[in-house]
Amino acid sequence: MPRWTGGSEDTVKIDPRKCVACGNCVAVCPMGAIRIDRGVNRARIDADECVECYTCYRGMSMEHLNPTLVRAVRATLRVFRLRFDPEPDICPTSAIVPDELQWPRTVRRAFSDVTATHESTGVHGRGTEEVKTNDVTGRVGPGDVGFTVELGRPGVGVRFTDVQKVAQALAGTPARFEDRNPITTLMTDRERGLLNPDVLGEKVMSCIIEVATTAAAASEVLEVLRDVARRIDTVMAIGVALRCDDRGADEIERILAGTDYDVIWAKTNVGLGRANPARVPRSTQEAHA
Ligand code: SF4
Ligand code: SF4
């Protein structure tokens, strides 16, 4: 059952004393978590679906019209089949207010508000630089195959129960979880891919699991991901990252040849970063097979 909030609960709030039920915020919410409760003529937030992205709070201009006056004008105009509607990007009475979130609800905002920074990694958004910074971070070394497993999207989101299912599946492969990733830091048992039980009831807009393994084990990881994707209630996008060799070639086609995955998009990082000799490819040192 949705837990609709209109005032005093631990989420971004809509102040029922100020809300005039204009409905502008309903279309702004990327998760469809706001509705107009016609019973009380106020906007309400479904606290279970709200991922604390703060789009409603940050994305709307706030005016400070008197709520009592606005309600009276709207009611009077309705009698004459006329309407007073504020511009669509405006909350006319500044009824949307942020709140101090408590753990574990704080993880919703950390993963969903693009302006929030993850404490564990110091990175905004989903909290990871991914392989885009490989030149300086050396996440994926020569001979490594790195995977980014993106779960959720605006409008869909992802629950940590599903994130854990994917992590558990990956834990059964030779792949290792990336240290500098906020999902990894939420794990209490990496060997089994278990997350901190506190967060399992939480939902976020999207998040990314990162793993790396050897080229020999890459197709196994892809098959495991295909299987677990059928058991989760969200969308999954898989990124595969390899280093080119000295001739600019890579093994991606050979790796995918034994699977029924197709390459549908590709990007080459031309190496504008400063190489970090301190980072040594780990999969060439650690035995994962
Ligand atoms: S935009 Fe503001 S006044 Fe209008 S429904 Fe949303 S919270 Fe209420
Ligand atoms: S914080 Fe985000 S998900 Fe929650 S009600 Fe506002 S826009 Fe919707």
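By the rule that a salt bridge is a side-chain nitrogen of Lys or Arg within 4 Å of a carboxyl oxygen of Asp or Glu, the count in this predicted model comes to 22 salt bridges. Side chains of opposite charge can pair when their charged atoms come close.

| Salt bridge | Closest N and O atoms |
|---|---|
| Asp15 and Arg17 | 2.8 Å |
| Arg109 and Asp113 | 2.9 Å |
| Arg254 and Glu251 | 2.8 Å |

Salt bridges that share partners also join Asp48, Glu49, Arg159 and Lys203 into one network.

To describe how covered a residue is, its relative accessible area is used: buried means under 20%, exposed over 50%, and partly exposed in between, with a 1.4 Å probe and protein chains only. In the second pair, Asp113 is buried at 0%, while Arg109, at 29%, is partly exposed. Glu251, which pairs with Arg254, has 37% relative accessibility and therefore counts as partly exposed.

The model also contains two ligands, and a residue is taken to be near a molecule if one of its heavy atoms lies within 4 Å of it. Around ligand 1 there are 15 residues, of which the closest are Cys19, Cys22, Gly23, Cys25 and Cys91. For the classes, Ala, Val, Leu, Ile, Met, Phe, Trp, Tyr, Cys and Pro count as nonpolar, Asp, Glu, Lys and Arg as charged, and the others, Gly among them, as polar. On this basis the shell around ligand 1 has twelve nonpolar residues, three polar ones and no charged ones. Ligand 2 is surrounded by 13 residues, the closest being Cys29, Cys50, Cys53, Tyr54 and Cys56, and its shell divides into eleven nonpolar, one polar and one charged.

Some features of the backbone also deserve attention. Helices (H or I, at least four residues) and strands (E, at least two) are DSSP runs, numbered from the N terminus. In the loop between β2 (13-14) and α1 (24-28) lies Ala21, whose phi is near 60°, a positive value in a residue other than glycine; Ala21 counts as buried because its relative accessibility is 2%. Ser94, in the loop between β6 (90-91) and β7, has a positive phi of about 50° although it is not a glycine, and Ser94 is buried too, with a relative accessible area of 8%. A cis peptide bond, with omega about 5°, joins Trp103 and Pro104, and Pro104 is found in the loop between β7 (96-97) and α4 (106-112).

Nine of the twelve residues of α6 are buried, including Phe160, Asp162, Val163 and Leu170.

Residues are numbered from 1 along each chain as its sequence is written, while chains are lettered from A and ligands numbered from 1 in the order in which they are written. Local features need pLDDT of at least 70 and side-chain atom pairs count only at pLDDT 80 or more, whereas totals for chains, interfaces and linings use all residues, and side-chain values use heavy atoms, with hydrogens and water left out.
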